[in-house]
Amino acid sequence: MKAVFAIALLAISMLCASAMAQENTADYWYKTGMNLTGNGSYEKAVEAYENAIKLSPKNATLWDAKASSQSMAAVFSKNRSEYNESLKAEDKAIELDPKNSTLWVNKAFLDANLADLREHNESGYQDALKDLDRAIEINPQDKRAWLFKGAVLDSRLNKYDEALAAYDKAIEIGGTNASDKVLLSNAWEGKGYALSKLGKYNESFEALDKAIELSPQNAGSIWYTKAEALNNSGRYDDALKAYDRSIELKGPMDLAYEGKGEALFTLGKYNDAVKAYDEAIELFQLEASGPAWYKKGIALKALDKTSESDAAFAKAKELGYEE
């Protein structure tokens, strides 16, 4: 009995020693950081990656992971100094592995997101394009680099023709595995968006249908993009169906309800438009709801509800929005 108990104690001590040894490895802290990132615990993830870096300071993957989590923590806390620290971490990753195109694409994401935080600072987007061109120089077959280049060119810089060329390159490179299909779906969606901005609506609808076909599980946002294109092309009834499909699939529901309100208003369905704007306002973060309040005011005005309309306009103004 004593022998069995002694063996059990030895086994426990060996397990404890193994766990302690594991906790002293960079791989342990890296995996911990990955799990924390997946749970949205970005600040704790940064701490885990820093522990890993102490043990393996020349590992570019660890610096890259730290940069990603630190940037997410900064976005949620709106702490720009922390975001600058994430850029420093990404620069360190690139210093350690300068021929890795993925790191340059990740740096482009950080530069573009920082430009967003600075209220669409164009120089930041130009920096992102330089990063992406460097990634493409290193690896011309990097689909992700071409895809994100298209996104920066269209949604940030309104250079739709150049964006189309980038999306077409990503599509041309192609791929057959599951992650490739999601990426290609994004490229087709981006292409559809750019085509709609150029007024090429029929081509836009074809591209967006291709995006939905490739990634039906992620189609909520694509249906929203299609709804916007239908709305802009004057096909309001079809736009309403697409907005409803986007909402059903949990796309950007706040934006979808706002767009639905616009389509309903154009069709003269003012009461329904007010209801859609109310749904949007409930879903938006308060500071982002100004435009929806203003549009609700216009719909109420069309219903001759002057006092309610004035209150909606006042709320929009309070939130910093005026037409």
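User: Which element supplies the largest share of the lining of the largest pocket, and how many residues is that?

Analyst: In this predicted model, H8 makes the largest contribution to that lining, with 7 residues. Helix H8 (143-156) is joined by helix H6 (101-117), helix H10 (178-197) and helix H12 (219-232), each of which supplies at least two lining residues. The pocket itself has a volume of about 1,000 Å³, and of its 26 lining residues the closest to the centre are Asp 154, Ser 155, Arg 156, Tyr 193 and Leu 255.

User: What makes up this lining by class?

Analyst: The lining of the largest pocket divides into 10 nonpolar, 8 polar and 8 charged residues. In the second largest pocket, where about 180 Å³ of space lies, the lining comprises 5 nonpolar, 6 polar and 3 charged residues. Helix H4 gives the most to this second lining, with 6 residues.

User: Why does Ala 256 count as buried?

Analyst: A residue is called buried when its relative accessible area is under 20%, and Ala 256, at 0% relative accessibility, therefore counts as buried. This alanine lies in helix H14 (residues 253-266), and, leaving aside residues up to four places away in sequence, Ala 256 touches Tyr 224, Tyr 243, Ser 246 and Ile 247.

User: Why are the buried residues of H17 said to line one face of the helix?

Analyst: The buried residues in question are Ser 309, Ala 312 and Ala 316. Viewed down the helix axis, they fall within an arc of 60°, and therefore they line one face of H17. In general, an α-helix has 3.6 residues a turn, so residues three or four places apart point the same way. On the other side of H17, Thr 306, Ser 307, Lys 317 and Glu 318 are exposed, a term that calls for over 50% relative accessible area.

Technical notes: Residues are numbered from 1 along each chain as its sequence is written. This is a predicted model: local features need pLDDT of at least 70, side-chain atom pairs count only at pLDDT 80 or more; totals for chains, interfaces and linings use all residues. Side-chain values use heavy atoms; hydrogens and water are left out. On a 1 Å grid over the protein atoms alone, a cavity is a set of points where a 1.4 Å probe fits but cannot get out, and a pocket is an open set with protein on both sides within 12 Å along at least five of seven lines; lining residues have an atom within 4 Å of a point. Grid points are joined across faces, edges and corners, and a volume is the space filled by probe spheres set on the points. Helices (H or I, at least four residues) and strands (E, at least two) are DSSP runs, numbered from the N terminus. Ala, Val, Leu, Ile, Met, Phe, Trp, Tyr, Cys and Pro count as nonpolar, Asp, Glu, Lys and Arg as charged, and the others, Gly among them, as polar. Buried means under 20% relative accessible area, exposed over 50%, partly exposed in between (1.4 Å probe, protein chains only). Contact means heavy atoms within 4.5 Å. The arc is that of the directions from the helix axis to the C-beta atoms.
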